[in-house]
Amino acid sequence: MKLSMREKVSYGLGAVGKDMVYMFSASYILFYYQDVLGVSAIAMGIILMAARVFDAFNDPIMGVLVAKTKTKWGKFRPWLLIGTILNSVILYFMFAAPPSLDGSGLVAYAAITYIVWGVTYTMMDIPYWSMIPAFTEGGKEREGLSTLARSCAGVGSAIVTIITVKCVQLLGNDDPRVGFMRFALILAVIFTLCIICTCLNIKEKSTVNVDSPSVGQMFKALIQNDQAMAVVITIVLINCSVYITSNLVIYFFKYDFGGAKWEDAYTLFNTFGGAIQILSMMIFFPLLRKIFSAIKVFYISFCMAIVGYIVLLVLAFTNMSSVYLLFIPGFFIFAANGMLTVLVTVFLANTVDYGELKNNRRDESVIFSMQTFVVKLASGVAALIASTCLAVFNLSDDTEAAVETAQTAVSSVVGLRMTMTVIPIIGLLIAVFVFRKKFILTEAKVEEIAAQIKQKRAGESL
């Protein structure tokens, strides 16, 4: 049975909500604790990276728990709802640090709330993405839903990227501490309502009954699924590159691009970028897919991203004063990121079928737990690199001092520019190399695998 419009809209709405809170945390947690509360940039980088190491153990275990779950509501929706409610509560407290805390107390508070936030996000994110192979058929339907979900996730990310700085100003009456707390509460409520809608309207349509894997079996299955590992490594490299830039772009506008109205320029740039990213998912990607295969679109997107970063690097070393010039590299980078986000999800979903044929196991939760882990791992690595950049190049949390430093110490802004462009280029080039060398799931291969699985199941049912 084809997916109904109600199911598509409900699933997409869940993606909007969950990626609003993810982008808020990924892009602003470092800025909130380092710039607003005064926590050491290096301390925050270590906290964010340590949380991701913890997730190396937490995420796969969560995938196993989802696989073992059997309820009348299915295996996915209970975890999706419980994880969302818990994550929403922790999100609020993470951006509502008590004013009485300072020094080591504030560092401890940041560490505890961020780690718990990551655990509860995993609790809902793994079942959300794991649902795709469970209630869609392979091929066009799955690719269509993956495209829709990633497009909606892009909408959620773009909305938060665009409005956060202005909303924090308005809600806090120019007190960023209060503004972040109130904005976090609003996002938590929106997130919860979106996921409730998803849980009410989405049901598993086909579930393959298999024995739940142990943690040891799960890692063995992942190692044996060479295509899943190829996609996972590619996702790490892509997201690490993107997150380095997204973590540092606010500092670029505040300390390098500068000016009393840097918030306006930052918001305008993100508005343009968010619109391009959404258009790339909803329009550019479908148009290119009519002409090229998914893998060719993948390579086109890589080329666009690298060109964008090179142009950004060149512009950063000119005397430009107009934010509109930044729209040129912004177009290439945001458009490429939108299409790459959709494609890696499609490729990862296809590795589930590949794994079933090769290993006689269908491990949706196991495979998609790796996506959750690697995305968070990439954000942790990126945050560590960004925080190290801030510390090494003496980008102060005091705006006036930072601007003065940027004007008198050229090395500070040069270091910032190089970190947010050159390192991402290197990461993307490595990702292209890994993907080209290891990935074999062309469209013809995917169709062949789907036919073999169908034949195999038919034989087993006799």
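View 1. Asp174 counts as exposed because its relative accessible area is 65%; here exposed means over 50% relative accessible area, buried means under 20%, and partly exposed is in between, using a 1.4 Å probe and protein chains only. This is a predicted model, in which local features need pLDDT of at least 70, side-chain atom pairs count only at pLDDT 80 or more, and totals for chains, interfaces and linings use all residues. Residues are numbered from 1 along each chain as its sequence is written, and side-chain values use heavy atoms, with hydrogens and water left out. Asp174 sits in the loop between H5 and H6, and its phi is near 70°, a positive value in a residue other than glycine. Asn173 lies in the loop between helix H5 (140–171) and helix H6 (176–201). Asn173 is exposed too, with a relative accessible area of 63%, and its phi is near 50°, again positive although the residue is not glycine. As background, most residues other than glycine have a negative phi. Helices here are DSSP runs (H or I, at least four residues), as are strands (E, at least two), and they are numbered from the N terminus.

**View 2. The protein chain comes to 16 helices and 0 strands.** Step back for a moment before the next close-ups. Of the 462 residues of the protein chain, 58% count as buried. Among contacts with a separation of 6 or more, 85% are between residues 24 or more positions apart; a contact means heavy atoms within 4.5 Å.

**View 3. Helix H4 has a kink centred on Thr122.** How far apart are the end C-alpha atoms of helix H4? They are 49 Å apart, which agrees with the 48 Å that its 33 residues (103–135) should span at 1.5 Å a residue. The expected span is 1.5 Å times one less than the number of residues. The kink in H4 is about 25°, where the bend at a residue is the angle between axes fitted to the seven residues ending there and the seven starting there. Because 24 of its 33 residues are buried, H4 is largely enclosed by the rest of the structure.

**View 4. H1 and H3 are roughly parallel to each other.** Two packed helices are described by the angle between their axes and the distance between the axes. Helix H1 (residues 5–36) packs against helix H3 (residues 77–94) at about 20°, and their axes are 11 Å apart. Axes are lines fitted to C-alpha atoms, for helices over the stretch in contact, and angles run from 0 to 180 degrees between N-to-C directions. Angles under 35 degrees count as roughly parallel, over 145 as roughly antiparallel, 65 to 115 as roughly perpendicular, and the rest as oblique. The crossing of H1 and H3 is left-handed; that is the word when the near helix is turned anticlockwise from the far one by less than a right angle, and right-handed is used if clockwise. On the H1 side, the residues making the contact include Phe24 and Tyr33, while Leu91 and Met94 are among those of H3.

**View 5. H1 passes H8 in a right-handed crossing.** The axes of H1 and H8 come within 10 Å and cross at roughly 45°, which makes H1 oblique to H8. Look for Tyr22, Ala26 and Phe31 among the contacting residues of H1, and for Tyr243, Asn247 and Tyr251 among those of H8.

**View 6. Tyr22 of helix H1 is a buried residue.** Its relative accessibility is 6%. Leaving aside neighbours within four places in sequence, Tyr22 is in contact with Trp117, Tyr121, Tyr243, Val375, Lys376 and Ser379. Tyr22 and Gly156 are 134 residues apart along the chain, and their C-alpha atoms are separated by 9.1 Å.

**View 7. Gln227 in helix H8 (residues 226–257) is buried.** Its relative accessible area is 0%. Which residues does Gln227 touch, not counting residues up to four places away in sequence? Gln227 touches Thr351, Tyr354, Lys438, Phe439, Ile440 and Leu441.

**View 8. Arg417 is a buried residue of helix H14 (residues 410–419).** The relative accessible area of Arg417 is 14%. Apart from neighbours within four places in sequence, Arg417 is in contact with Asp256, Leu313, Ala316 and Phe317. Arg417 and Val314 are 103 residues apart in sequence and 9.7 Å apart in space, C-alpha to C-alpha.
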